[in-house]
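Have the structure open while you read.

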Amino acid sequence: MSLPTFRTCLRYTKYAAGTVFAASMTSAWYYRPTADTSCLPNQQSDNQSTNASKRSNDSRANETFCAPYTSPPWSREHVPVLLEWARRISIGATTIAIRILMNTYGKYEIEDDENYHAFLQTVLGGNGRESNQGLITISNHRSLFDDPGIVSCLLPLPIAIQPKYNRWAVCSQEYCFNDALPGLIKGYIGAGQVLPICRGGGINQKLLLDFGRHLACGEWCHMFPEGGVWQWEELGGRRQIPPNAIAGSSSDFGNGTNNDSSNNHHENNRIKITHATLQQKALPPSPKGKLKWGVGKLIAHAPVTPKVIPFAHHGMERLFPQDETTGKTKLRDNLLSSLLRSAIGGGGVDSANDDKLHIRVRFGKEITFDDLIQEHELKYGKLWKYCGKINAEEQYDKGQSSESNFHESWDSSREERVLYGKIVRRIETHLDVITKEVCAKG
């Protein structure tokens, strides 16, 4: 082949690659997940939330260049080609970039034991996992960068860049899907297999059901059941709030309390206890347990009880330290200088004055819940089970509102909530142990 011919082929290859990239990102933009404003906390009563949720799908019609139905509405084998390529681009680029950062700016260490090998086998479909059986991993939450920072490094790189083996995750919509972000950014995040969740929206919100449908299709789903960031040497989460106090949030996007003007005077006379602060740490554990019950609901109502594997990690607090008074996290002040020292090889990872990252990850044994579910069903009857991804596109073409009556089946009874509490308590027991163990080595 002559040199001019080679240059021509190279030029057309660049054009083709650029066209595929642009078309894939356009597809991700079109099918991007969107926030559900109907489930914002403290803005409506439980009865009002049902009617509001029926209108939640209408918000997509108000978005520019956005699919009119909930995205993505397909099981893995029916994903449009361009969206599949967008997922490969988003997951591949993010994973490689994170690997470079985590392995040059310090040390990323996974305890290579039988529990970790069991996790790898489970992700690949082994370890007794059925073809339609989902996998849930749960972990402590030490920074806003845990996913992708920690999760992107759990699998060997050739496996990690493949969307079919990658995790689905939820991110608080106030961070990842807020109105200030361009639609293309939301599309890139969504193509990375991340869905919105309404923090404080409760376990009956439709966003949790949307997430669960991927689990019902046999996907791997990851959750941070603490419901926030805690950099304690133990598992964080709920504490028992005194009668003269209210729970606050350390979010940069709101205070997490009821904004109803009729209640402002009453709340101003009460103590506000912000999560992840020393003030909260001094309180006794909540009778409901430390962890949120959403993961318990997904496990209880899954058509096939998923595999549940816990892991704990330590070290991300060096990148995003948390203020013990306000509970807020921020990027470390000397990040650029420490990155420069890492690039030129200054300081060892194990030196006493070293400020590099040193991430430690430990996996626990699989947790089972068949006995709890069977006990509940013997007493109260069979649990309702959600199904895999519905054909939302077909429903839209027929003029039907996508799952407008989902509350009839999805809302939980008092007895079901008791079951969720038992499931989450068991998770808490296992996760708390490995969290303390990995933090003790920190």
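1. Let's start with a charged pair: Glu234 and Lys290 join their side chains in a salt bridge, at 3.3 Å from N to O. This bridge ties together distant parts of the chain, 56 residues apart. Glu234 sits in the loop between strand 5 (220-223) and strand 6 (245-248), and Lys290 in the loop between helix 12 (278-281) and helix 13. Keep in mind that this is a predicted model.

2. Which of these two partners is buried, and which partly exposed? Lys290 has a relative accessible area of 6%, so it is buried. Glu234 comes out at 23% relative accessibility, which means it counts as partly exposed.

3. A network of salt bridges links Glu234, Arg239, Lys290, Asp432 and Lys436. For the model, the salt bridge count comes to 21.

4. Another one to click on is Arg32 with Glu63, a salt bridge whose closest N and O atoms are 3.2 Å apart. Arg32 is buried, at 2% relative accessibility, whereas Glu63 is partly exposed at 28%.

5. Then have a look at Lys382 and Glu377, whose side chains form a salt bridge at 3.6 Å, N to O. Lys382 counts as exposed because its relative accessibility is 72%. Glu377, at 16%, counts as buried.

6. Now the helix packing. How far apart are the axes of helix 13 (residues 294-301) and helix 18 (residues 414-440), and at what angle do the two pack? The axes are 8 Å apart and the angle is about 110°, so helix 13 is roughly perpendicular to helix 18.

7. Who touches whom there? From helix 13, Val295, Gly296, Lys297, Ile299, Ala300 and His301 meet helix 18 at Glu416, Leu419, Tyr420, Ile423, Val424 and Ile427. Sorted by class, this contact has eight nonpolar residues, two polar and two charged.

8. Last one: His314, which you'll find in strand 8 (residues 307-314). The side chain of His314 makes a polar contact of 3.0 Å with that of Glu317. With a relative accessible area of 9%, under the 20% cut-off, His314 is buried.

Methods. Residues numbered from 1 in each chain as written. Predicted model: local features only at pLDDT ≥ 70, side-chain atom pairs only at ≥ 80, totals over all residues. Heavy atoms only, no water. Axes fitted to C-alpha atoms, helices over the stretch in contact; angles between N-to-C directions. Helix = DSSP H or I, 4+ residues; strand = E, 2+ residues; numbered from the N terminus. Parallel < 35°, antiparallel > 145°, perpendicular 65-115°, else oblique. Contact = heavy atoms within 4.5 Å. Nonpolar A, V, L, I, M, F, W, Y, C, P; charged D, E, K, R; others polar. Buried < 20%, exposed > 50% of the residue type's maximum accessible area, 1.4 Å probe, protein only. Polar contact = N/O pair within 3.5 Å; in protein donor to acceptor, adjacent residues only side chain to side chain. Salt bridge = Lys/Arg side-chain N within 4 Å of Asp/Glu carboxyl O.
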